[in-house]
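Let's take a walk through a protein together, one stop at a time. Have the sequence and the 3D view ready, and turn the model as you read.

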Amino acid sequence: GSEMCIRDRFCCNLITIMKEGFRLMKNGYYAGIDVGTNAGRLVIKDVYQNQKGQIVSARIQEIRIPLRLGADVFSTGSISFRKEEQLVDTMRAFRSLMNIYGVIDYRAYATSAMREAKNGSDIIWRIRKETGIDMQIVSGEKEAQTITSIISDIHCDEGVYLSVDVGGGSTEISLIKNGEPVESTSFAIGTLRILAKKDKFETWGKLKDLLNEYHDKYGELNIIGTGGNINRYWKMSEHETKKGVNILHTDELKALYNELSGMTVDERRQKYKLKPDRADVIVPAGKIYLTAAKIMGAKYFIVPLIGLGDGIVDELIENSRNVI
C-alpha cells in the first residue's frame, strides 16, 4: 500500500553522485548488519548506476531478530551463554542469507550492549571464527555519524534540524545543518536501559543540557526521528506525508504515548498488534523523543523509516564507489 510506496521512495533516494575520475563500483547487492541492544538486523540493498550516472540504492530485504542482549548486560555486565548462542546462530543465518543473495560486500556493527559487555570482544572473536562475519564494536559517536550519513536522503536540505536516534542502550543526538551532520553526541539512555532502571539521573541531565544549549543557539527545531520505535509510532498515527516526507506531529506522539503508558503490555499488543519485544520498549522510547521535543519546542518529527542498517550500507557504498 501507500506505506510501502513511502518506504520505497526513501530507500530509492540517491546516495551519491559519482565524481569525475571515479570508476563505478560493482552493481549488485550490499548488506549492513546492526547488532543492537534490543535486536539484530540485516539490511540488504540493491545498488546500481542509473542512466544519469548516479549511484542509487533500494532496500530489498530487512530481517530483524529480537536478541535483547541488553537485558543480560544491564543486569550482570555480561552476555549470557544462551544469548551468545542465539547471536552466533543469528549471524550464521545472516551469513547464509548474504550468500543466497550473492552480496558483494557487507559491514557489521555492534553497538551499546556489546560495547559494555565484559565478554563482548570474546564473542566478536567467536563470531568471526564460526561464521566468518567480521564485526566491529563501534562507539556511540560512530553510530550517530553512520545514522546521519543518510540524512541527506530525507529532503531537509535547508535549515537546521535535530536528529534523535533511540536504541535499547543509547540515544544518539546529532545537529543537522542544510542536510549535513555538524556534530553528534551519544548518551547512555535507551529503552531497555530505562526498563532495567539502569538509566542515570546525571546522564539525563547531560542530555537536557545539550538540548537546552541547542535551543538557546538555534531556537525551536523540528526533529528527524530514527529507530524502530518512532517508526512504529508513525505507523500507529494518521500516516501523514508531505512532499514525500513522513510527518508525526508532537501532539499526536504525545497522545499515543499517554494512551500506551496507561495500558499493560498485553493490552498494547492486542490493540496495536505490537510484537512482544516492541510492546514494552515503545513507552520509554516515547519518553525520550518527547523529552527532546519539549526542550526543542519541536512541533513535528520527520520519520524516514530508516535505521542504522541503512546507514551502514550507504556508508559502505560511499567508501567503495571507486572499487571495480
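Two residues are said to be in contact when they have heavy atoms within 4.5 Å. What you see is a predicted model, in which local features need pLDDT of at least 70 and side-chain atom pairs count only at pLDDT 80 or more, while totals for chains, interfaces and linings use all residues. Residues are numbered from 1 along each chain as its sequence is written, and side-chain values use heavy atoms, with hydrogens and water left out.

Start with the overall picture. A residue is called buried when its relative accessible area is under 20%, exposed when over 50%, and partly exposed in between, using a 1.4 Å probe and protein chains only. Of the 324 residues in the chain, 56% count as buried. Among contacts between residues at least 6 apart in sequence, 70% join residues at least 24 apart.

Now find helix α8, residues 201–218. Its 18 residues reach 26 Å from the first C-alpha to the last, close to the 26 Å expected at 1.5 Å a residue. The expected span is 1.5 Å times one less than the number of residues in the helix. Which residues of α8 are buried? They are T203, W204, L207, L210, L211 and Y214. Seen down the axis of α8, these buried residues fall within an arc of 125°, so they line one face of the helix. That arc is taken from the directions that run from the helix axis to the C-beta atoms. On the other side of α8 you can find F201, E202, K206, D209, D216 and K217, which are exposed.

What do the buried residues of α8 pack against? Their partners are β7 (160–166), β8 (171–177), β9 (180–187), α7 (191–195) and α13 (282–296). Zoom in on Y214, a residue of α8. Y214 counts as buried because its relative accessibility is 3%. Leaving aside neighbours within four places in sequence, Y214 is in contact with L162, I173, L175, E183, G219 and M296. Y214 and L162 are 52 residues apart in sequence, and their C-alpha atoms are 8.8 Å apart in space. G219, which follows α8, has a positive phi near 75°.

From here, move on to α13. At 1.5 Å a residue, its 15 residues should span 21 Å, and its end C-alpha atoms are 21 Å apart, which agrees. This helix is mostly covered, with 13 of its 15 residues buried. Just after α13 comes G297, with a positive phi of about 65°.

Are they buried or exposed? L305 is buried, with a relative accessible area of 1%, whereas H239 is partly exposed, at 29%.

Next, step into helix α14, where G311 lies. G311 is buried, with a relative accessible area of 0%. Beyond its neighbours within four places in sequence, G311 is in contact with T146, S149 and I150. The C-alpha atoms of G311 and T148 are separated by 7.4 Å, although these residues are 163 apart along the chain.

A108 is found in β5, residues 105–110, and it counts as buried at 1% relative accessibility. Apart from neighbours within four places in sequence, A108 is in contact with I33, I133, D134, M135 and Q136.

Definitions and conventions. Helix = DSSP H or I, 4+ residues; strand = E, 2+ residues; numbered from the N terminus.
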